[in-house]
Amino acid sequence: MLCENWRYHQVVFYRYIFNVGEGVQRLAYEHKVKLTRLEHVFITQAAWQSTGGLLGLALTLQDCGVPEINLHGPKGLVGLFVSTFAIVISHYKLLIACFA
């Protein structure tokens, strides 16, 4: 299932996206949205529909030279990605802020 509920917003100096489902990179490319300027990612629920494209997005941003990303989401989000990010992504600063 491709990403259906993604939102990209640009507010003055901050660029952020809500829910990174599968296909978000392709969708951003088709709509000419530059994800390399992304600073914050907000995940509304720890489900595959909202997080399926997060690892691919992080790998792409790392390859493009983006030094860090701020990830905001529910408590279960940390457990989903800490082990994967430690193995696959090196030299990347991932700042995670969880909410209830």
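Visitor: In which strand does Asn70 lie?

Guide: This is a predicted model, in which local features need pLDDT of at least 70 and side-chain atom pairs count only at pLDDT 80 or more, while totals for chains, interfaces and linings use all residues. Residues are numbered from 1 along each chain as its sequence is written, and side-chain values use heavy atoms, with hydrogens and water left out. Helices (H or I, at least four residues) and strands (E, at least two) are DSSP runs numbered from the N terminus, and on that numbering Asn70 lies in strand β4.

Visitor: Is Asn70 buried or exposed, and which residues does Asn70 touch beyond four places away in sequence?

Guide: Buried means under 20% relative accessible area, exposed over 50% and partly exposed in between, with a 1.4 Å probe and protein chains only. Asn70 has 15% relative accessibility and therefore counts as buried. With contact taken as heavy atoms within 4.5 Å, and residues up to four places away in sequence not counted, Asn70 touches Glu39, His40, Val41 and Leu95.

Visitor: What is the relative accessible area of Asn19, a residue with positive phi?

Guide: Asn19 is placed in the loop between β2 (14-18) and α1, and its phi is near 60 degrees, a positive value in a residue other than glycine. Asn19 is buried, because its relative accessible area is 5%.

Visitor: How is Lys32, where phi is near 55 degrees, classed by relative accessibility?

Guide: Lys32 is found in the loop between α1 and β3 (40-42), and its phi is likewise positive in a residue other than glycine. Since its relative accessibility is 73%, Lys32 counts as exposed.

Visitor: Why is the pair of Phe18 and Phe42 classed as it is?

Guide: Rings of Phe, Tyr and Trp (its six-membered ring) pair if their centres lie within 6.5 Å, and planes under 30 degrees apart count as stacked, over 60 as edge-to-face and the rest as tilted. Tyr16 and Phe18 are edge-to-face, at 5.7 Å centre to centre and 80 degrees between the planes. For Phe18 and Phe42 the centres are 5.1 Å apart and the planes at 20 degrees, so the pair is stacked.
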